[in-house]
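Have the viewer open as you read.

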Amino acid sequence: MSRMKKVLPVLLTLTMLTAGAAPVFADADSSEKEEVIYVNLDGSGEVKEIYAVNIFGSGQITDYGDYSSVKMLNTGDTITQNNDRITFSTDAERVYYEGIMKTKLLPWKISIHYYMDGDEYSAEEIAGMSGKLEIHFLVEKDPDCRGEFFENYALQASFTLDAEKCKNIEAEDAAIVNVGSDKQLSYTMLPGKGIDTVITADVTDFEMNAVSINGIPLSLNVEVDDEELLERVKELQDAIEQLSDGAGELQSGAKELSDGANGKLQSGTKELSDGAEQLIGGAGALKSGGSLVNDGAKSLQGGADLLDSGIVSLNSGLTQIQDALNQLNEKSAELNGGSEQMKQALLQIQSELSKVSGSAEEIGTLVDASSRIRNGIAELTAGIEELEKNVSYQAFTNVMAQNGLDVDSLQEGNCTAIESLTSLEGTLNAQIAKIREMQNVIGSESPLASQLEELLVQLQTMDGQLQQMIFLFQGNNAYIQGTEIYLDAVNDSIWQLLDGANTLKTSYEEFDAGIREMADTLETMLYQMSELQSAISQLAAEYSNLDGGIREYTDGVARIVAGYSQVSGGALELSKGSRELKDGTDRLYGGTAELLSSLTEFYDAAGSFSDGTGELEDGVQELLLGISKLSSGTEELKEGTDQLRGETDDMDTEISNKIDEMIQSITGDNSEIVSFVSEKNTNVTAVQFVIQTEEICVPEKEAAKETEEKSTGFFEKLIALFRKSQKE
């Protein structure tokens with residue numbers, strides 16, 4: 001008995017470490033206490049009995065609970081039950097009393113269904129069967145149970161299967177470990193979560209130990225500094241906003257460039273091309289007229305030689321020359337008009353090109369914004385990696401070790417204690433059976449009957465205490481295993497988040513490279529447009545000189561026509577001065593030959609100019625195509641940045657909420673501890689649930705009588721003594 005009094009305080013100290021409860025302000029009428037709720041289920045999960053073990057310190061104790069019966073467990077103090085009010089006084093440092101609760105409601109509705117080869121059986125029916133086993137395990141909230149235990153408590157359930165009788169075990173949601181020759185399947189249900197899962201196996205002579213379920217408040221002290229991470233997210237959002245605004249400005253500039261290029265630039269180029277065609281047409285006409293003038297001058301020269309004999313031929317030649325000069329004079333206006341159109345077209349192109357401009361600074365702003373986004377995503381990924389390092393079972397064990405608690409040693413100590421207490425309980429049950437046998441032998445009238453009954457009560461009390469200690473040690477290990485499984489699950493979620501961040505990082509690096517390539521293309525195009533503008537300006541300046549030469553030429557033709565009228569008017573005098581005419585026609589012929597040579601050169605120059613305007617028109621068309629692609633690309637860029645801006649507009653809030661949700665699931669919500677037994681108990685520091693089903697086993701057959709002599713111990717000798725006294 002003294003040994004148990006030493007073990008119980010140690011056990012309860014470990015329970016307090018794992019419960020992680022915080023004291024609350026209490027009603028002066030209720031005493032400070034802890035509650036351990038023990039629940040016995042049948043094989044299908046239905047509640048058979050709920051009893052509470054209430055733990056107090058010394059003094060005058062007042063407690064509340066709707067119990068069918070109560071009893072002290074570790075002292076002989078008198079306990080009084082008045083309706084739902086329980087009182088007693090004790091000097092013990094730690095005292096325990098048990099109350100059998102009238103209710104059968106739990107925060108969790110638990111159901112276990114068994115199937116063999118597709119057919120459903122009860123827990124009693126399936127014992128000893130062989131085949132394809134399915135166990136459907138369901139845990140959900142019971143809305144009829146008061147309080148928020150379902151929202152604040154985590155459950156850890158353990159199924160133990162004999163590995164020799166159960167093969168090919170599959171349990172998708174469980175952590176499976178080897179425990180001796182058994183397979184232990186552990187399930188962790190977080191606060192506010194249930195489970196609906198299936199266990200399958202190929203079994204022979206199926207039996208299963210009791211299913212153990214422990215409920216504890218989950219509370220871990222994990223600190224995560226998300227301020228710097230959220231600052232980086234905010235910078236990322238600002239950079240995305242700048243990128244979207246820059247893309248909008250770039251789109252507007254590209255549209256203005258496209259509108260101007262497709263309008264005046266294209267029309268000016270067309271007018272320049274048309275003017276070049278007119279110019280070459282006029283130059284051709286001039287060349288033809290020059291040939292006629294040259295032929296006429298030659299005829300005039302021949303006519304002068306025959307002046308004396310052929311005045312008629314002279315008049316005919318004069319007429320041809322007059323016609324040719326008139327035709328040449330008529331073409332002068334057309335030539336001047338075409339030249340003027342070409343000059344205006346060049347000036348218009350020059351003006352429109354001067355309006356086309358691009359800002360290298362805007363392109364640089366776009367590249368810088370994209371770089372900031374890329375760097376922000378990289379810093380976000382680094383922050384998630386740091387979070388992954390701090391949230392893991394290894395980090396949990398390190399923190400516990402820094403606080404002086406070796407988790408592995410604690411688990412080993414719990415297992416050793418369970419093994420020792422189980423062995424002790426077996427010995428104690430054997431002694432209880434022997435005392436009952438002695439009671440049957442001596443009967444109730446024997447003087448020793450009352451002493452045996454008192455001894456039996458003491459041994460039964462010890463047996464109950466041993467069972468509680470075993471349950472508590474099992475609950476400690478279940479809490480540690482549940483913590484490991486949960487932190488591993490959280491770590492997997494962080495890994496998934498990190499994988500998504502790395503994917504975003506890689507994708508945006510490719511997008512950033514595309515933006516840089518487009519910026520290089522835009523800078524090259526701006527440089528090419530600058531060179532085109534310079535070339536057009538030079539061409540316009542040089543063409544002004546050409547236009548001036550054309551006008552001087554046409555004025556000369558007009559003067560020739562006006563002067564030739566004098567030749568025509570003095571035709572009668574030619575017959576008198578044929579020698580002078582001969583000299584004049586020689587000079588005229590030489591002049592027309594030079595004129596024809598000049599017109600030929602002008603015609604060739606006009607052809608070259610026309611070819612140049614054709615190449616210019618082709619270049620402008622290529623420029624228009626590039627500007628169109630640029631405009632289309634900036635529209636797609638604007639759409640993409642708008643979409644990115646919309647999707648990331650509340651990214652900081654979403655990340656903050658996600659981190660808060662994750663941290664809350666890890667650290668618990670530090671809810672006030674409330675009594676499961678009664679709302680009147682307002683000074684409760686810890687509540688823990690220990691739930692167990694019936695085991696599934698084949699009923700034992702009536703044992704055959706043993707023929708060999710049993711070894712006799714103290715109780716066997718005592719029974720034999722009473723039998724002998726009865727015979728005498």
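First, the ground rules. This is a predicted model, so local features need pLDDT of at least 70 and side-chain atom pairs count only at pLDDT 80 or more, while totals for chains, interfaces and linings use all residues. Residues are numbered from 1 along each chain as its sequence is written, and side-chain values use heavy atoms, with hydrogens and water left out.

**The pocket**

The largest pocket has a volume of about 1000 Å³. On a 1 Å grid over the protein atoms alone, a pocket is an open set of points where a 1.4 Å probe fits, with protein on both sides within 12 Å along at least five of seven lines; a lining residue has an atom within 4 Å of a point. Points are joined across faces, edges and corners, and the volume is the space filled by probe spheres set on them.

Of the 31 lining residues, Ser-212, Ile-418, Ile-470, Gln-474 and Gln-692 are the closest to the centre. Elements giving two or more residues to this lining include helix H8 (407-442), helix H9 (449-569), strand E16 (212-217) and strand E17 (684-693). Helices here are DSSP runs of H or I with at least four residues, strands are E runs of at least two, and both are numbered from the N terminus. H9 gives the most to the lining, with 7 residues. By class, the lining splits into 9 nonpolar, 16 polar and 6 charged residues. Nonpolar covers Ala, Val, Leu, Ile, Met, Phe, Trp, Tyr, Cys and Pro; charged covers Asp, Glu, Lys and Arg; the others, Gly among them, are polar.

**The sheets**

An open sheet of 9 strands runs in the order E4-E7-E2-E1-E17-E16-E11-E14-E13, with mixed pairing. Two strands pair if DSSP finds at least two bridges between them. Strand E4 (67-72) and strand E13 (175-179) sit at the edges with a single partner strand each, so one side of each has no neighbour in the sheet. The twist averages 20° from one strand to the next. For such angles, axes are lines fitted to C-alpha atoms, and the angle runs from 0 to 180 degrees between N-to-C directions.

Another open sheet has 3 strands in the order E3-E6-E5, paired antiparallel.

| Strand pair | Bridges |
|---|---|
| E2 and E7 (residues 95-101) | 6 bridges |
| E10 (residues 131-141) and E15 (residues 195-203) | 9 bridges |
| E12 (residues 166-171) and E15 | 4 bridges |
| E5 and E6 (residues 85-90) | 4 bridges |

Ala-171 stands opposite Ile-199 in E15.

**Single residues**

There are 0 disulfides, meaning pairs of cysteine sulfur atoms within 2.5 Å. Cys-166 is buried at 3% relative accessible area, whereas Cys-697 is partly exposed at 35%. Buried means under 20% relative accessible area, exposed over 50%, and partly exposed in between, using a 1.4 Å probe and protein chains only.

His-136 belongs to strand E10 and is partly exposed, with a relative accessible area of 27%.
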